[in-house]
Amino acid sequence: MNLLHIGDVVGAAGCLFLQEKLPQIKREHHIDITVVNGENSAQGNGITVHSMEQIFAAGADLITTGNHCFKCREALRIYDNSMVLRPANYPEGCVGKGVAEIDFGYCWVAVMNLSGTTYMDPLDNPFTTVDRLLEKIDTPNIFLDFHAEATAEKKAMGYHLAKRVTAVLGTHTHVQTADETILEDHTGYLTDVGMTGPERSILGVAVEPALDRFRFRFPSRFTEADGSCIMCGVIVNFDEKCGECMKIDRIIVR
């Protein structure tokens, strides 16, 4: 089977570009399941009902999020949808869930969503959280969207889950890394999948106000960049009988 994971979709431009390009990519690469990180899909980041619907209309089967998952007031409605995840290491009782299982008839595929805690919000420990989650998942086909800032924390999670899950795929930094590999001959790994949105930008934000904040150290109002877009993703080919990653390939679509 082939799973496609698309990196953080940024704003209206990212949603529209996803709708334009995703169907063709799915056909070309014979994709069975598509996961899209949508936590920056709303104007000014976060996710709204409208941006969620745009991502599903583009062809996503499941949406993951991250540290901006509750930025918009519509969160209570969004996370009623079982195919929209927020990080599983939010405190117990929090709205939404961090794991979804998809039934293909001949196999099940589980997708988990976790947030890192290094340079991020102080949520529950993602390593102990994932150990608890794995005790309840009864399929070898398990994918993790690990939404984290620190590359070392992502790499540590990769080795923590080596041979225990099919793939650990990082999101959040909006910059695709070139370190795709298969850990311990079983678990696909990529530190960051990348971003879907305006290419001439600083992580999807217009260059000038973001640059001014670094140059002059004063607050500046960020605006969504415009211009041509880029879509970053990763394709994981796996054996659904044992959950082993057979091949992992990055993609960039312009």
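Which residue in strand 6 does Val99 stand opposite? Val99 faces Met112 of strand 6. This is a predicted model, in which local features need pLDDT of at least 70 and side-chain atom pairs count only at pLDDT 80 or more, while totals for chains, interfaces and linings use all residues. Residues are numbered from 1 along each chain as its sequence is written, and side-chain values use heavy atoms, without hydrogens and water.

Strand 5 and strand 6 (residues 108–115) are paired in the antiparallel sense over 5 bridges; two strands pair if DSSP finds at least two bridges between them. Helices (H or I, at least four residues) and strands (E, at least two) are DSSP runs, numbered from the N terminus.

The order 5-6-7-8-10-9, with mixed pairing, describes an open sheet of 6 strands. Strand 5 (99–103) and strand 9 (181–183) stand at its edges with a single partner strand each, so one side of each is left without a neighbour in the sheet. Helix 4 (residues 126–134) packs on the sheet and touches strand 5, strand 6 and strand 7 (142–147), contact meaning heavy atoms within 4.5 Å.

Elsewhere, Thr48 lies in the loop between strand 3 (33–37) and helix 2 (49–58). Thr48 has a relative accessible area of 16% and is therefore buried, that is, under 20% with a 1.4 Å probe and protein chains only. Apart from neighbours within four places in sequence, Thr48 contacts Ala42, Cys72, Glu74 and Ile78.

Definitions and conventions
Axes fitted to C-alpha atoms, helices over the stretch in contact; angles between N-to-C directions. Buried < 20%, exposed > 50% of the residue type's maximum accessible area, 1.4 Å probe, protein only.
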